[in-house]
2 protein chains.
Amino acid sequence: MWCAPKARPSALSTTGKRGEGMARTIAKDHEAKREAILQTAARFFADHGFDRASMGKLAEACGVSKALIYHYYPSKDALLFDILDTHLTALAEVVEAAAAQSATPQERLRGLIRAVLIAYRDSDAEHKVQLDALSSLPEDKQTHLRALQRRMVGAMSECIEAVEPERFSARPELLRPVTMSVFGMLNWFYLWHRPGGAVDRDAYADIVADLVMGGVPALCVGEAGGLE
Amino acid sequence: MWCAPKARPSALSTTGKRGEGMARTIAKDHEAKREAILQTAARFFADHGFDRASMGKLAEACGVSKALIYHYYPSKDALLFDILDTHLTALAEVVEAAAAQSATPQERLRGLIRAVLIAYRDSDAEHKVQLDALSSLPEDKQTHLRALQRRMVGAMSECIEAVEPERFSARPELLRPVTMSVFGMLNWFYLWHRPGGAVDRDAYADIVADLVMGGVPALCVGEAGGLE
DNA sequence: CCTACCGATCGGTAGG
DNA sequence: CCTACCGATCGGTAGG
């Protein structure tokens, strides 16, 4: 991370034959600094909006120069991608682990919903950035990230289906809307939740779980739901 | 519709007309032009993101000069505000009208949910712009718009409460999270719904209504979930 | 790891 | 002297 070309001995030195000679040690705190930038950037982008947040102001918020950020990331988009990739990868793993728990379907679904909200706790910024800026990424980057989202949706979908298998085998077209309803409830949470309020994340996880588990049996089977 | 500046059947195309000899009147189509700009802008801001959408490109999409847009609106922010104010005012009126219907609480809630989704049908662009850009408006403008949102939330909240008054008087702190859950489901809809799919807006309205009306009685009052 | 810059483009406004 | 507009360009600032 710090190059000192002027101080380096010339190629005439005896070690020159071996090429680079001494291996440049990668700074011990390289990774730590990169991660610090990543986290600060997520917060900064979330607070100001990705487009309005300039790299210069971000550098200021990080307490480093703009050039340093460009030392770690080749572009603003690359920084955004790393934020979202790190976030969604962790999230997909959490969700799939919770979905693989051996328990009753009810307990597993409740645990999964709880796990998502807990995972969101320390990722409000990343979550917001995702909603704000994911679609401004180049298509191939988007494809990769949306695949991670799809893993989450798939795991949730299976857990929901397992709670009422007969109903969803009778009305399979209901599974996707119900799954998306759950994500709607969860992904909307950060917009109205105020820490310290009467309903914390665990309490809200139970509300969501109760609504879906209590509501699915009430889904009207009789009425022909809107086939176009 | 507005993307092709060559053949515009629109109200904005009077520019090229000869019309010599005609006295300049106060444009009869002034209001029509303003509304055309408003609608095109909503679509354009939704598609490209408010910050990335330049006034120049918007003018191009409208088939007019940038200066003409500034003739109607003093600033980009003023245009954004008019989009959101028009949208949210109409929405608040729709919601309050549906909430005032005389019917059983169940029918009223179902009708309200349906009314919101139908109102969203022709306002996907405005809805998206709201989520994308409302918070970038100056504070006083935000305050005015958030008051409109609060009217919607209030009407929905009352309709939900009326379905299970005893439960919510026993656990009043549940009303807000349940209300927000419903808006989460509704406001998330546009992100996954594809027109022509198996579940259209009316069908989804019924799903949401069933989930909340079936789910609220299942909300656990104590510690363990009360599913019967 | 910074200062010094660039090509381009931004939102907004001039004269006529 | 007005309203309704356009071609051209302003001073600043963006990402890099």
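This is a predicted model: local features need pLDDT of at least 70, side-chain atom pairs count only at pLDDT 80 or more; totals for chains, interfaces and linings use all residues.

Mentor: Residues are numbered from 1 along each chain as its sequence is written, chains are lettered from A and ligands numbered from 1 in the order in which they are written, and side-chain values use heavy atoms, with hydrogens and water left out.

Trainee: Is helix 5 of chain A roughly parallel or roughly antiparallel to helix 7 of chain A?
Mentor: Helices are DSSP runs of H or I with at least four residues, numbered from the N terminus. The axes, lines fitted to C-alpha atoms over the stretch in contact, have angles from 0 to 180 degrees between N-to-C directions. For helix 5 (residues 105-121) and helix 7 (residues 139-163) of chain A, the axes come within 8 Å and cross at roughly 150°. Angles over 145 degrees count as roughly antiparallel and those under 35 as roughly parallel, 65 to 115 as roughly perpendicular and the rest as oblique, so the two helices of chain A are roughly antiparallel.

Trainee: Which residues of helix 7 of chain A meet helix 5 of chain A?
Mentor: Contact means heavy atoms within 4.5 Å. From helix 5 of chain A come A:Pro105, A:Gln106, A:Arg108, A:Leu109, A:Leu112, A:Ile113, A:Val116 and A:Tyr120. In helix 7 of chain A they meet A:Met152, A:Ala155, A:Met156, A:Cys159, A:Ile160, A:Ala162 and A:Val163.

Trainee: How are the rings of A:Phe189 and A:Trp192 arranged?
Mentor: Both residues lie in helix 9 (residues 175-192) of chain A, 3 residues apart, about one turn of the helix. Rings of Phe, Tyr and Trp (its six-membered ring) pair if their centres lie within 6.5 Å; planes under 30 degrees apart count as stacked, over 60 as edge-to-face and the rest as tilted. The centres of A:Phe189 and A:Trp192 are 5.2 Å apart and their planes stand at 90°, so the pair is edge-to-face.

Trainee: Is A:Phe189 buried or exposed?
Mentor: Buried means under 20% relative accessible area, exposed over 50% and partly exposed in between (1.4 Å probe, protein chains only). Because its relative accessibility is 1%, A:Phe189 is buried.

Trainee: Which residues does A:Ser157 touch, not counting residues up to four places away in sequence?
Mentor: A:Ser157 sits in helix 7 of chain A and is buried, with a relative accessible area of 15%. With that sequence limit applied, its contacts are A:Leu175 and A:Thr179.
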